[in-house]
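Me: I've got a model open and want a quick walk through some local features. Can you take my questions as they come?

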Amino acid sequence: MERANHQEGEAQGVRICDPPSESNPPADTLATSLSLLGNHMFPDPVERLGSTTVSRDDPANSSDVTAEEPSVDAEPPSNQLMKLETEDTETSESQPVVSAQPADRGTEDAAADNDQNDSGEFVVAMLAKAKLEEQGIGVKGRSSPLLEAGTQESPTFTSHRDEDVTADSWRQHRKHVFVLSEAGKPIYSRYGSEEALSSTMGVMMALVSFVQSSDNIIRSVYSEEHTVVFLQKGPLVLVCVSSSRQSEQQLRGELMYVYYQIISMLTQASISRIFEHKKNYDLRRLLAGSEKILDGLLNLVDSDPSFLLAAVHCLPLASSLRDSLSQILQKAITPNLVFSILIAKNQLLTIVQEKTVIEDTRLEPADVHLLLNLIGASSAFQAGEIWTPICLPLFNPDCYFYAYISYLDPPDCTVCLLLLSTDKEAFYAVAECKRKIEEAMETQNSLSLIAKAQSYSVSQVGVSDLRHFMYKPFDVPDNYRQLTQFTSPEMEAPYGSEEEKMRLLDLYRYMHSRIHSTSRPLKLIYHVAERETLLAWVTSKFELYTCFSPLVTKACAITAITKLLRWIKKEEDRLFIRYPPKYSTTPNPSKSSRGGKSDQQDSTDNGFLSLL
Amino acid sequence: MPDKMKRPDVKLVLLGDMNVGKTSLLHRYMERKFKETVSTVGGAFFLKQWGPYNISIWDTAGREQFHGLGSMYCRGAAAVILTYDVTNWQSLAELEERFLSLTDTANHDCIYAIVGNKADLTDPKAHLSRTSDGQPEDQTECEEERTEPQVLSACPTPPASPASLSGVMLHKQVTHEDAVALYGRILRYKGLDEKSSLPAEKVCFETSAKTGYNVDALFETMFDLVLPSILRKRHENQESPTVDLEDSQGAHSRKARIGCC
């Protein structure tokens, strides 16, 4: 994630415009940061209008589109028209700024103007194409619109799927996420059904293609209230429409998670293969049933700072207990087992890794997040033992692992064991490992000890005025690359309610975006907000975000941070997985998940070829 | 101490399109209740004690995403429960198009059951739970939620026109006769003689996981039907242990233990 952001950041430098209040040179000291920031919580988005407008939605064009639409397809009801208008007003009312990666600004503007007449036609053509596809060309009976309507009536489809996409409440959602194929075919929408949104997605694809036609890549559109971020990954286009005031990089990072989650279910190789064979393939056929997993991911992204920090959160545990759990996992192995992960209350207890595999590559936090999300989203029937293929996209986007998931404490289902193997057929062998782990945990009474473990309160730190913090260390004691972790206390009063939690997270997101700003990264920010004071600090050894009561003084805050760092140092062994244990299952080299021959087989064997 | 790995004696697999209610059926049978479930990922393994025998049940995902795994779950199966949704003709068609070929890896004497779930949506008699311990509150709850007019249920929908689905009432798209006909085609596909195989009326069920209607009957009938297969397998094992998949898997893990400890 970090890497991706970085590359994008470089390219992005071209279009950056500093809001006036930020025009001073970078500052590393508290005092200057403070004076720069003042009491502004968020930079006014209107300031961004200063940047070059590459392409603007022309009202004449949009009326073209709406006028032509009925003749293209007389069948759909009027809400299709409304949607197009919605899209138009949303983007045109505030003179949106489309930022792209222009090679040359001056000619770009001219080119955009010249093309504007064409673009209206182009949009219509795009929409017409999308409609034709919808009307059943190459669509199997099962996914015909009528039948789809039928399935939606079944009680399993509740949630946001059947939301009215023409309603104001739909437009009011804080963050929309859409996934579409390059042919403009809807794949996923966070709210509302994809069918109802097919023309909206057509317009999105038209925007992407329009900018693409002049050898540019559309990156974002800013309007007064919304930020629209585009991400193109292979044959997929991901779009986020957000009013959350997050930075473009953060939103793009979240779209990456969505992309990775899709990859984790289908693998990158099979997605490209499918679209190579058939450009207008309806990927929802393969993702049907996975919407809840994507919904769950997006909810987690909004509510769990692990995603923002790209680090995993482990449950604080006495190091002796964590070690004994690790030893239990280390002893229960079978050939081709690569990761053994123990989870309680959706947080890591311990993770044991195969020696040779982990020498080869490291387990990325994002992959762990996807695994945790999968467990959360598939927990409905908890008595059974699940065996499912899953791809860890940052580990290797093209092959599957086979995940064994089982709860160790039914019916409570808080302690979950996850074993990853590279062998598709290893279910019974891996299930036997679980049996051993269960036995060992029984004799050591581990379950009741785990049940007592809980996250900590900030009061344990013993620093007055400190309300909350997030600490992510970079200095790992072990000499090999380790899973990035962070520690954070429970969010307590005044951040007890969901709204207040979200508000604090938004503040952290804002601090994070300032610290990691691509144009002007900062090392230290002291930010006096309305109801609290925040201090964020990045060094080569750690990244720290703290939240204080509003009356704290700067000197106080600095003393508090010194105390906090001392406390963390003291508690290190309890707060983090210090020395990630390893085992050796001496996997057959050809079976190794790194691009071996067998993997090729695995991905082709998964039924995709039969679909083509 | 939890008991050592109970070695499953026989394997039973639930197959069928997504959203037909495979997980709900199993959940109704194992946990005696109906619960909203999420789409299954991969497959889920359950062990059911049936008399002196351990029956393993694989609840598989109906999604196309996991299609390739189907034949693995079916390997060595003694019984396959092919599940469809009585209100969705396509779900029956999918059994033949997509799922039947997966059963090629099942035992040669595998028993096939055809199960139409969600019968409560079309059939008033499915509202009366036939489970031995059907909870009364379960029934009232479902009466409230699913009292659709039954006007159309007398005339089965022709397979080609799913248009009537757009109405509020869900009516039966698949009749019992359709299921029986599919059973006949499955026997032919497997090259089995209809006379020597189990009669259709014994293995074609209509169930409701929501009310519990016929669910116990389904699973218990299947368990009884696979018993001979268990006995035969035990007998065969004494002569040639290599035939058995579970056993060879066991050997695999024994080898592992030698290797690492």
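Me: Which residue follows α5(B), and what is its phi?
Reply: G191(B) follows α5(B), and its phi is positive, near 70°. Before we go on, this is a predicted model: local features need pLDDT of at least 70, side-chain atom pairs count only at pLDDT 80 or more, and totals for chains, interfaces and linings use all residues. Residues are numbered from 1 along each chain as its sequence is written, chains are lettered from A and ligands numbered from 1 in the order in which they are written, and side-chain values use heavy atoms, leaving out hydrogens and water.

Me: What does α5(B) span from its first C-alpha to its last?
Reply: Helix α5 of chain B covers residues 176–189, so 14 residues, and reaches 20 Å, close to the 20 Å expected at 1.5 Å a residue. The expected span is 1.5 Å times one less than the number of residues. Helices here are DSSP runs (H or I, at least four residues) and strands are runs of E (at least two), numbered from the N terminus.

Me: Which of the residues in α5(B) are buried?
Reply: A179(B), L182(B), Y183(B), G184(B), I186(B) and L187(B) are buried. Buried means under 20% relative accessible area, exposed over 50%, and partly exposed in between (1.4 Å probe, protein chains only).

Me: What covers them?
Reply: The cover includes β4 (79–85), α3 (89–99), β5 (111–117), α6 (200–203) and β6 (204–206) of chain B.

Me: Zoom out. How many helices and strands in chain B?
Reply: Chain B has eight helices and six strands. Along the sequence the pattern is β-α-β-β-α-β-α-β-α-α-α-β-α-α. Of its 261 residues, 54% count as buried.

Me: Over to chain A. Where do the axes of α12(A) and α16(A) cross, and at what angle?
Reply: Helix α12 (residues 291–303) and helix α16 (residues 365–377) of chain A have axes that come within 9 Å and cross at roughly 120°. Axes are lines fitted to C-alpha atoms, for helices over the stretch in contact, with angles from 0 to 180 degrees between N-to-C directions. α12(A) and α16(A) are therefore oblique to each other; under 35 degrees would be roughly parallel, over 145 roughly antiparallel, 65 to 115 roughly perpendicular, and the rest is oblique.

Me: Which residues meet there?
Reply: From α12(A), K292(A), I293(A), G296(A), L297(A) and L300(A) meet L370(A), N373(A), L374(A) and A377(A) of α16(A). Contact means heavy atoms within 4.5 Å. By class, the contact has six nonpolar, two polar and one charged. Ala, Val, Leu, Ile, Met, Phe, Trp, Tyr, Cys and Pro count as nonpolar, Asp, Glu, Lys and Arg as charged, and the others, Gly among them, as polar.

Me: And α14(A) with α17(A), which residues meet?
Reply: L325(A), I328(A) and L329(A) in α14(A) meet I437(A), A440(A) and M441(A) in α17(A). That contact has six nonpolar, no polar and no charged residues.

Me: What is the phi of R245(A)?
Reply: Positive, about 65°, although R245(A) is not a glycine. R245(A) lies in the loop between β6 (236–242) and α9 (248–266) of chain A.

Me: Is R245(A) buried, exposed or partly exposed, and why?
Reply: Its relative accessibility is 46%, so R245(A) counts as partly exposed.
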